[in-house]
Amino acid sequence: MGENNINPNVLSFIGLANEYCMALSNVYETEKEEFVAEMLRLLPRIYITMSDVRAEELSDEEDYYNNFSSYVDEDYYESIRRGVESIMGEDDTFLETFEEDMKYSDTPIASSVAECLADIFQDLFNFVSLVKESEGEQTQEALAECKENFESYWAQTLCNVMRALNHIRYSSN
């Protein structure tokens, strides 16, 4: 599947995922308020776009999972996480209400904006990197894996971190 055959919605998602990854990669070059505003601009669009991915845009191959290498090693992940943590400062920690362990806990469960954003970054960076490396030939397979990860893991993470970022943006002045 060449790049010219890619659905326009998928092309839009590739650009959006790339923009998100660039924002996190360049976190040290921005101010906290600007970064929070950018995340609140990008994250809802990522959520909506992934939610709108239709079955016909996905690979019909059964065994695409785990066929792709990760482009984000532990050191790269940690550098992204630390960069966001550094810019967020004391606002990096927020109370997590949708954590499964909350059902059984008498104490609040803390979560990290940096870790949430880095988790999303890892999947989106792998997606964008695979599309670039394969020159668009594995776009459907990469999108299918990204969609599966979105549904099973990071959709909830994205919603939770948006809530925290919204609170930071609108209650800190």
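## Helices α1 and α2

In this predicted model, α1 and α2 run roughly antiparallel to each other, because their axes cross at roughly 150 degrees and angles over 145 degrees count as roughly antiparallel. The two axes come within 10 Å, and the crossing of α1 with α2 is left-handed.

On the α1 side, the residues that meet α2 are N9, F13, L16, E19, Y20, A23 and L24. Their counterparts in α2 include F35, E38, M39, L42, L43, I46 and M50.

## The chain as a whole

The chain contains five helices and two strands, and from the N terminus on these elements follow the order α-α-α-β-β-α-α. Of the 173 residues in the chain, 45% are buried. The chain exposes about 9700 Å², and carbon and sulfur atoms supply 45% of that area.

Where contacts join residues at least 6 apart in sequence, 80% of them link residues at least 24 apart. One example of positions separated along the chain is R163 and L40, which lie 123 residues apart in sequence and 9.4 Å apart in space, C-alpha to C-alpha.

Two packed helices are described by the angle between their axes and the distance between the axes. For α1 and α4, the angle is about 125 degrees and the axes are 9 Å apart, which makes α1 oblique to α4. The crossing of α1 past α4 is left-handed, and the contact is made by F13, I14, A17, N18, Y20, C21, L24 and S25 of α1 together with residues of α4 that include L117, I120, F121, L124, F127 and V131.

Helix α3 also packs against α4, at an angle of about 140 degrees and with the axes 8 Å apart; α3 and α4 are therefore oblique to each other. The crossing of α3 and α4 is right-handed. From α3, the contact is made by Y76, Y77, I80, R81, V84, E85 and M88, while α4 contributes residues among which are V113, A114, L117, A118, F121 and F125.

In soluble globular proteins, nonpolar side chains tend to be buried together. The largest nonpolar core of this model has 52 residues, and the members that touch the most others are Y20, M39, V113, L117, L124, F127 and L165. At least two residues of this core come from each of α1 (8-25), α2 (32-52), α3 (74-88), α4 (113-133) and α5 (139-171).

K147 is found in helix α5, and with a relative accessible area of 8% it is buried, because buried means under 20%.

Technical notes: Residues are numbered from 1 along each chain as its sequence is written. This is a predicted model: local features need pLDDT of at least 70, side-chain atom pairs count only at pLDDT 80 or more; totals for chains, interfaces and linings use all residues. Side-chain values use heavy atoms; hydrogens and water are left out. A nonpolar core is a set of buried Ala, Val, Leu, Ile, Met, Phe, Trp, Tyr and Cys residues joined through side-chain atoms within 4.5 Å. Buried means under 20% relative accessible area, exposed over 50%, partly exposed in between (1.4 Å probe, protein chains only). Helices (H or I, at least four residues) and strands (E, at least two) are DSSP runs, numbered from the N terminus. Contact means heavy atoms within 4.5 Å. Accessible areas come from the Shrake-Rupley method with a 1.4 Å probe; for residues, only the protein chains shown count as cover. Axes are lines fitted to C-alpha atoms, for helices over the stretch in contact, and angles run from 0 to 180 degrees between N-to-C directions. Angles under 35 degrees count as roughly parallel, over 145 as roughly antiparallel, 65 to 115 as roughly perpendicular and the rest as oblique. A crossing is left-handed if the near helix is turned anticlockwise from the far one by less than a right angle, and right-handed if clockwise.
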